[in-house]
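Let's take a walk through this structure together, from its overall build to a few spots on its surface.

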Amino acid sequence: MRQAARVSVAIVALLAASAAARADWTTKGELGASFASGNSETEAAHATLEVKNAYDKWTHSLGFAGNYGADGDGTTAQRWELRGQSDYKFTERAYWFGAARYEDDRFSAYDYQASLATGLGYKIVDSERTKLWVQGGPGYRYAELRETGESEDGVIFRGDAGLEHQITDTTKVVDRFLIEAGSDNTFLQNDLGLEVLVSGALSLRVGYQVRHNTDVPPGIEKTDTLATVGLIYETK
């Protein structure tokens, strides 16, 4: 049933639209190349975009990621993801969150995956040079298997952790880990990146992503990796 997926996309959009009109948004976009292994062995173009704002006790973010490649025989890579989150802070470190994610990957075991979740988060370290946070809570996942058309849906636990550390004035390491664990499948994704300031708002980023599904049909790889290199433009 695709209705659950449409609901997830709508909620992602509403999370962004709910921000106060007078609040200023920050933007971070990346454009570059990617090198995949797993269910797709290819070189492709890679792009991401994230917009965020904070107003009073609320923080809203909306993100997009896409990866596309083709050769003379046709499409070799095609994946896009839309995600959104809203946070409401109780203290300077503790907060509530609501998050939604929709993913469509032509070369994975699933035609698409969609999830909604809510829970609590905590900023373990929140200094000028280092930020470390964790969050988690219950959610709901809906997915359709590509080969059979069968659906998977049910309650999940969604856990998320992130790290940003400024190594030098111009070099930063970032890492983000996501887990969506349910009875049908457990999805894990880790994004590791190194960002080097080039000039002004422009940075060079080298990244490595690992994605894993525990339950996939025969003939489908459980793990996919994606190495990326690109330029980031960020407004603050």
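Of the 236 residues of the protein, 40% count as buried, meaning under 20% relative accessible area with a 1.4 Å probe and protein chains only. Keep in mind that this is a predicted model, where local features need pLDDT of at least 70, side-chain atom pairs count only at pLDDT 80 or more, and totals for chains, interfaces and linings use all residues. Residues are numbered from 1 along each chain as its sequence is written, and side-chain values use heavy atoms, with hydrogens and water left out.

The fold comes to 1 helix and 12 strands; helices (H or I, at least four residues) and strands (E, at least two) are DSSP runs, numbered from the N terminus. Along the sequence, the pattern reads α-β-β-β-β-β-β-β-β-β-β-β-β.

Now for the surface. F35, I167, L194, V196, V198, L202, L204, V206, V229, L231 and Y233 make up a nonpolar patch with about 890 Å² of accessible area together. Areas come from the Shrake-Rupley method with a 1.4 Å probe, and for residues only the protein chains shown count as cover. Two or more patch residues come from each of β10 (186-199), β11 (202-213) and β12 (223-235).

Elsewhere, R141 lies over the face of Y110, 5.1 Å from the ring centre; this requires CZ of Arg, or NZ of Lys, within 6 Å of the ring centre and within 35 degrees of the ring normal.

Note on methods
Patches are made of residues with over 30% relative accessible area and no salt bridge: like charges are joined within 9 Å, nonpolar side chains (Val, Leu, Ile, Met, Phe, Trp, Tyr) within 5 Å. A salt bridge is a side-chain nitrogen of Lys or Arg within 4 Å of a carboxyl oxygen of Asp or Glu. Buried means under 20% relative accessible area, exposed over 50%, partly exposed in between (1.4 Å probe, protein chains only).
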